[in-house]
Amino acid sequence: MRRTRRSSSRLPIIPVLGLLAALLLPLGFTFAPPAAAAPAADPVRVMPLGDSITGSPGCWRAVLWNRLLNSGYTDVDFVGTLPPQGCGQAHDGDNEGHGGELVTNVADQNLLPGRLAATRPDIVVMHFGTNDVWSSIAPDRILAAYTKLVTQMRASNPDMRILVAQLIPMNPGSCAACAQRVVDFNARIPDWARATGTERSPITVVDQWTGFSTATDTYDGVHPNASGDDKIAARWFPALAAVLDAGVPQNPDDPDAPAACTARFRAVSTWQGGYQGEVTVTNTSASAASGWTATVVPADGARIGQVWNGTHSTAADGTATVTNAAWNGALAPGASATFGFVATAPATAGAPAATVTCTAKSSAN
């Protein structure tokens with residue numbers, strides 16, 4: 001995905017070839033016309049996604065853009081529904097950094113699908129959740145929102161490449177507890193990424209916390225100053241460059257691509273302290289699947305216990321990973337399989353809810 005600049009000075013090729021042809025034809029030579037140039041590949045579309053740290057004005061994007069350009073990555077297009085917001089240097093300023101937004105609100109209100117449809121990114125670079133941490137929203141709920149957004153990204157593009165930041169430090173004067181909350185939340189992100197990433201749509205965790213100082217790299221304990229912008233861009237650059245160098249699929253609807261799937265949750269019955277849930281996994285690709293794996297993130301601190309029609313393991317944060325049983329892994333295109341489970345829930349939990357995602361293994365593999 002790397003391109004280098006080319007000189008604008010070119011020889012007048014066609015007249016020279018015409019002169020050579022006139023000289024060589026009497027000697028019995030023929031001269032083939034030049035082959036048509038191959039069409040240029042579409043630029044890789046990168047969405048910077050987040051809150052005011054990414055927008056308003058989010059000048060690390062300008063620093064990152066120019067570092068990409070100066071390093072030869074000239075086939076990259078930053079995309080978003082928000083326009084450029086200054087920063088004092090030329091750059092591709094399109095972005096999805098909405099000041100004041102909570103990632104949990106974006107997930108709950110289903111705001112991302114429309115933004116994805118309008119911009120069609122191949123890669124998402126996400127620093128999101130600062131306002132949620134400031135609002136003392138539980139890490140479980142923030143990570144469930146992350147999972148829902150990833151599900152929506154993959155619905156938009158099954159080959160989506162996703163870079164997720166461990167948040168920069170935060171120490172505003174009005175929130176003494178925020179600094180530790182960021183530390184606690186960041187510690188959860190790597191395990192979440194391992195459980196949620198797939199071979200077809202990997203998640204890369206980028207450590208934006210280490211080496212970043214709220215005293216010298218922000219102007220208010222939260223938002224980066226010029227020094228902070230440089231540090232954030234420097235952390236994004238190698239991770240994004242690695243994805244670009246590896247190549248991003250240009251045709252996610254290729255029928256020969258690996259099998260893809262969707263997962264849907266429903267509550268079958270509820271009682272004080274728990275409920276019975278059901279997840280349906282559907283093969284949405286044109287390829288037969290030989291097996292599937294579903295990830296279930298119960299809301300409100302619920303924990304999955306017994307599972308049938310599948311085998312499961314549960315992480316410390318309550319995320320359950322369920323793989324198919326021997327008899328229900330093979331799915332033709334459009335076919336579905338269902339597994340059930342029993343979950344325990346705190347007395348204060350609301351109506352049963354869970355974020356579910358899945359991956360499928362192509363029978364050709």
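The model is a predicted one, and three disulfides are present in it. When the bonded cysteines of the protein are numbered in sequence order, the pairing reads 1-2, 3-4, 5-6.

Cysteine 59 is joined to cysteine 87 by a disulfide with an S to S distance of 2.1 Å. The link is left-handed, with -95° about the S-S bond. Distant parts of the chain are connected by this pair, 28 residues apart: cysteine 59 lies in the loop between strand E1 (44-50) and helix H2 (60-70), and cysteine 87 in the loop between strand E2 (76-78) and strand E3 (96-97). Cysteine 59 has a relative accessibility of 16% and therefore counts as buried, because the cut-off for burial is under 20%. Cysteine 87, at 23%, counts as partly exposed.

A disulfide is also formed between cysteine 175 and cysteine 178, with an S to S distance of 2.0 Å. Its torsion of 90° about the S-S bond makes the link of cysteine 175 and cysteine 178 right-handed. Both cysteine 175 and cysteine 178 are buried.

In the disulfide of cysteine 261 and cysteine 358, the sulfur atoms are 2.2 Å apart. This pair likewise links distant parts of the chain, with cysteine 261 in strand E7 (residues 261-271) and cysteine 358 in strand E14 (residues 354-362), 97 residues apart. Cysteine 261 is classed as buried at 14% relative accessibility, and cysteine 358 is buried with a relative accessible area of 13%.

How values were computed: Residues are numbered from 1 along each chain as its sequence is written. This is a predicted model: local features need pLDDT of at least 70, side-chain atom pairs count only at pLDDT 80 or more; totals for chains, interfaces and linings use all residues. Side-chain values use heavy atoms; hydrogens and water are left out. A disulfide is a pair of cysteine sulfur atoms within 2.5 Å. Helices (H or I, at least four residues) and strands (E, at least two) are DSSP runs, numbered from the N terminus. Buried means under 20% relative accessible area, exposed over 50%, partly exposed in between (1.4 Å probe, protein chains only).
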